[in-house]
Amino acid sequence: MGNQFKTAALLAALSGLLIAISYWVIGGTGGLIIGIGLAAVTNLFSWYQSDKIALAVYNAQPVSAAEAPGLYRMVERLSARANIPMPGVYIVPDQTANAFATGRDPEHAAVAVTEGILNILPEDELEGVIAHELTHIVNRDTLTQAVAATVAGAISFLAQMLSYSLWFGGGSRDDDRGGNPLGVLLTVVLAPVAATIIQLAISRTREFSADAGAARLTGNPRALARALQRLEAVARQMPLHANPAFESLLIINSISGQFLGNLFSSHPATEARVQALLQLEQQLANH
């Protein structure tokens with residue numbers, strides 16, 4: 001419940017930031033209405049299109065039970081155990097090792113893994129990864145992360161358009177109409193940074209819950225812990241290149257060398273996730 005409350009608060013902060021930018025920059029009731037409209041449109045767009053966009057970004061290809069029997073049976077078995085419909089199964093044609101889930105709800109979901117992860121993980125570790133992604137679906141994290149990415153993208157786009165107006169003379173508006181040059185400047189500089197921090201905080205909040213859910217689903221927390229360590233080692237050598245807005249969907253950071261440490265990381269530190277899984281293993285053993 002604590003994680004759910006924190007996630008809801010962060011999403012509200014992200015949408016509130018978008019509305020506040022419009023109100024501060026455009027001014028008055030018109031700015032407020034435009035901000036609310038932008039927030040509504042971006043959330044609605046995320047609801048219906050998030051799965052298609054994410055799959056296209058990573059060039060994920062659908063596979064059938066005949067094409068990938070082992071993977072398909074694993075997803076099918078774990079989905080039944082999690083009591084959700086069988087999601088679509090996709091493979092990303094990339095030799096790095098990563099995975100993600102997407103979709104607005106369990107009835108419209110997909111799980112995607114890279115070719116690399118299928119090559120390097122033993123069955124029990126791959127099962128932990130799949131269970132992690134299915135837990136994201138169960139918890140509706142896939143929709144939450146897609147909404148966060150889209151709203152953050154809208155904020156960055158608005159800030160970019162405002163920067164163009166400053167450079168090309170668009171900032172010379174009548175103060176009576178509510179435009180605020182200082183607000184424009186602050187928006188251009190600070191809004192994208194704030195939006196990114198909030199978006200990544202949402203992702204980090206959900207990863208611990210998905211790890212715990214996967215451990216309970218498989219009954220093998222240590223297998224997922226080993227998988228995370230192995231995946232991080234591969235990601236440092238072969239990052240999965242794609243739109244940074246969708247970095248939070250992946251099970252492990254795809255980019256090595258995080259700038260300013262955990263603040264701009266889309267995931268908690270792998271060491272912290274492993275430690276939490278090992279603690280959960282002890283708890284499960286004691287019951």
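Analyst: Buried means under 20% relative accessible area, exposed over 50%, and partly exposed in between (1.4 Å probe, protein chains only). Helices (H or I, at least four residues) and strands (E, at least two) are DSSP runs, numbered from the N terminus. This is a predicted model, in which local features need pLDDT of at least 70, side-chain atom pairs count only at pLDDT 80 or more, and totals for chains, interfaces and linings use all residues. Residues are numbered from 1 along each chain as its sequence is written, and side-chain values use heavy atoms, with hydrogens and water left out.

User: Which residues of helix 9 are buried?

Analyst: They are Thr 270, Arg 273, Val 274, Leu 277 and Leu 280. Seen down the axis of helix 9, these buried residues fall within an arc of 120°, so they line one face of the helix. The arc is that of the directions from the helix axis to the C-beta atoms.

User: How do I read a "binding site" feature, and at which residues does UniProt place it?

Analyst: UniProt positions are given in the numbering used here, feature names are shortened, and annotations may be inferred rather than shown by experiment. In this case the unreviewed UniProt entry places the feature at His 132, His 136 and Glu 207. They span 76 residues in sequence, yet no two of their C-alpha atoms are more than 8.6 Å apart, so they gather at one spot.

User: What does Glu 207 touch, not counting residues up to four places away in sequence?

Analyst: Contact means heavy atoms within 4.5 Å. By that rule Glu 207, which sits in helix 7 (residues 181-218), touches several residues, including His 132, His 136, Gln 145, His 267 and Arg 273. A polar contact is a pair of N or O atoms within 3.5 Å; within protein, one must be able to donate a hydrogen and the other to accept it, and residues adjacent in sequence count only if both atoms are side-chain atoms. The side chain of Glu 207 makes such a polar contact with the side chain of His 132, at 3.0 Å.

User: Is His 132 buried or exposed?

Analyst: His 132 is buried, with a relative accessible area of 0%, and Glu 207 is also buried at 0%. His 132 belongs to helix 5 (residues 123-138). Leaving aside neighbours within four places in sequence, the contacts of His 132 include Asp 211, Ile 251 and Arg 273.

User: What is the strand order in the open sheet?

Analyst: Two strands pair if DSSP finds at least two bridges between them. The open sheet of 4 strands here has the order 1-2-4-3, with mixed pairing. Strand 1 (61-62) and strand 3 (99-103) stand at the edges, each with a single partner strand, so one side of each is left without a neighbour in the sheet. Strand 2 (residues 88-92) and strand 4 (residues 109-114) pair in the parallel sense over 5 bridges, whereas strand 3 runs antiparallel to strand 4, also joined by 5 bridges. A hairpin through 5 residues joins strand 3 to strand 4.

User: How many residues of strand 3 are buried?

Analyst: In a regular strand the side chains alternate between the two faces of the sheet. In strand 3, Ala 99, Ala 101 and Gly 103 are buried on one side and Phe 100 and Thr 102 on the other. That is 5 of the 5 residues, so strand 3 is largely enclosed by the rest of the structure.
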